[in-house]
Amino acid sequence: MSEALHYFFMAWTDPGLIGLAAAGTFVGIYIGALPGLSVTMAVSILISFTFRWHVNEALVLIAGIYLGGVYGGSRASILLNIPGGPAQIATSLDGYPIAQRGEAGVLMGLTTLVSVIGGFISIAVLALAAPSIAEYALAFGPREYLLLAVWGLLLVGSLSGESLSKGIFAGALGILISTVGLDPLTSQPRLTFGSMSLSAGLSYVAAMIGFFGIAEILTQLHTLNAPLVKQKIGRVFPPAKMIRKHLPLTVRSSFIGVGVGALPGAGGDIAALMAYDNAKRSVKNPEVPFGKGAYEGVVAPETANNSAVPAAYIPMLTLGIPGDAVTAIIIGALYIHGLNPGPMLMIQTPHLFWFTVGSLTLANFFLLIFGMTGIRTFTKIVEIPKNILLPIILIISVVGAYSINNNPSDVYWMLGFGLLGYFLKIYRFEVGPVVLGMVLGPMIDRTYRQSMISVDNNPIDFILSFFQSYISLGILFALALTLLMQTQWWAKLRSK
């Protein structure tokens, strides 16, 4: 135990490692705040500079950028209505209306605090229960992931606004867009119309920037002369009463983030959406309706996506399986430094596990420090006159879309999606379900085909296979409960 504590505090006692953790967290926050600049891209670029570094230096810097980048996406969602990543789609639904009320300062302070709490809960689970959770994650097969993706698709009901039918249409549109490109199993072109540029598919990040950024610019053109909203920035640290009120939801969302984040390939995107859906169904009588500026609609997804970060390390360190795209890059970094992620890593180099836990804890402390500083400066963004702010957002959106693949066609698609999103908004369609369909579509496509192949394409055996696993039965029960909670009967029962 004393040896584990020694390695845990190694990053805390070395000034160089402390500096790297601080720098990584600071840079990560501001990279995450810029639309189109993903954490995955930042970490992948960073790896090329760490070849000659000691593995501890590389890991502590990556931990800071990873945690900071996931958190930083909330700022663009709240202030500009442009999600920093798919995990912030739900955040923008309520965060932006709150900013329009002039309460961006206290909201960003609350977001920082709940993100840090979620991170600490997830780190504690990583330290205490990593092997057990890894075994649970390893039990997931294609059928379980298919059910998980379908469950995520049911969250369209939470993102649909006033009309469920319009939300279903938007989600189906997103799934259709996600099928463009080469078939994941046979490599046959689908909906490419002979275009080579479409063979790689359409980037959901470019679509997200278009649907939220460009569409918002076009919408705001109608209100160029509207009076500016002055932000109420007295104290950025949220009042104790507000913290106590949202603490149960924060803890609940943290465990949702841990449970989903520990699943290989799931990540914080699905965790944030599930936490938002859970909050919408469990919070009774919010002061403001969800989608109109409810604080609970920001607390839940922001807690879950940050708690999913340490949880993504669980399958990586214990099984050698990436929890998401970033941990896949980290596995490559470990191989570069002569380490083999997987079960033997915990046996042969246990110090590396405890050093990683300590690095994440240190980065989470810096997240609290840097998250609380700069809020006053950030909130001034909303007070910039629109004739100045909108061109800046357009430039950031273009740069963000181009930086995904350094491909001009991504910019054209972003502008096209922005125009489509503008017309969808005119006719009161929510654009969140479209992006949700694009994110979940490839997972549904791949896992459905894999599940069918495993039963020789027999539909009866395919259906029966879902009742042969306790995990599948558990997810099926959750699916049925989610469907039940979307019925009018449930709404009447709850009102009584």
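Biologist: What kind of crossing does α11 make as it passes α20?

Modeller: This is a predicted model, in which local features need pLDDT of at least 70, side-chain atom pairs count only at pLDDT 80 or more, and totals for chains, interfaces and linings use all residues. Residues are numbered from 1 along each chain as its sequence is written, and side-chain values use heavy atoms, with hydrogens and water left out. A crossing is left-handed if the near helix is turned anticlockwise from the far one by less than a right angle, and right-handed if clockwise. The crossing in which α11 passes α20 is right-handed.

Biologist: Which word describes how α11 and α20 lie to each other?

Modeller: Their axes (lines fitted to C-alpha atoms, for helices over the stretch in contact, with angles from 0 to 180 degrees between N-to-C directions) come within 7 Å and cross at roughly 55 degrees. Angles under 35 degrees count as roughly parallel, over 145 as roughly antiparallel, 65 to 115 as roughly perpendicular and the rest as oblique. α11 and α20 are therefore oblique.

Biologist: Which glycines of α20 meet α11?

Modeller: Contact means heavy atoms within 4.5 Å. On the α11 side the residues include Ala-206, Ala-207, Gly-210, Phe-211 and Ile-214. They face a list from α20 that includes Met-414, Phe-417 and Tyr-422.

Biologist: How do α11 and α21 run, roughly parallel or roughly antiparallel?

Modeller: The axes of α11 and α21 come within 10 Å and cross at roughly 180 degrees. On α11 the contact is made by Tyr-204, Ala-207, Met-208, Phe-211 and Phe-212, and on α21 by Gly-432, Val-434, Val-435, Met-438 and Val-439. With that angle, α11 and α21 are therefore roughly antiparallel.

Biologist: Is Ile-82 buried or exposed?

Modeller: Ile-82 sits in the loop between α5 (55–80) and α6 (89–100). Ile-82 and Phe-212 are 130 residues apart in sequence and 5.2 Å apart in space, C-alpha to C-alpha. Buried means under 20% relative accessible area, exposed over 50%, and partly exposed in between (1.4 Å probe, protein chains only). At a relative accessible area of 2%, Ile-82 is buried.

Biologist: What is the C-alpha to C-alpha distance in space between Phe-355 and Phe-8?

Modeller: Phe-355 belongs to helix α17 and is buried, with a relative accessible area of 1%. Beyond its neighbours within four places in sequence, Phe-355 is in contact with residues including Tyr-7, Met-10, Ala-11 and Leu-17. Phe-355 and Phe-8 are 347 residues apart in sequence, yet their C-alpha distance in space is 4.8 Å.

Biologist: How does α3 lie to α17?

Modeller: Helix α3 (residues 15–32) and helix α17 (residues 350–372) pack with their axes 9 Å apart, at an angle of about 55 degrees. That makes α3 oblique to α17. α3 passes α17 in a right-handed crossing, and residues that meet there include Leu-17 and Phe-26 in α3 and Phe-355 and Phe-366 in α17. In one word, α3 lies to α17 as oblique.

Biologist: What is the relative accessible area of Asn-457?

Modeller: Asn-457 lies in the loop between α21 (432–454) and α22 (459–464). Its phi is positive, about 60 degrees, although Asn-457 is not a glycine. Asn-457 is exposed, with a relative accessible area of 52%.

Biologist: What percentage of the residues in the protein is buried?

Modeller: The secondary structure comes to 24 helices and two strands, taken as DSSP runs numbered from the N terminus (helices H or I, at least four residues; strands E, at least two). The protein has 496 residues, and the buried percentage is 55%.
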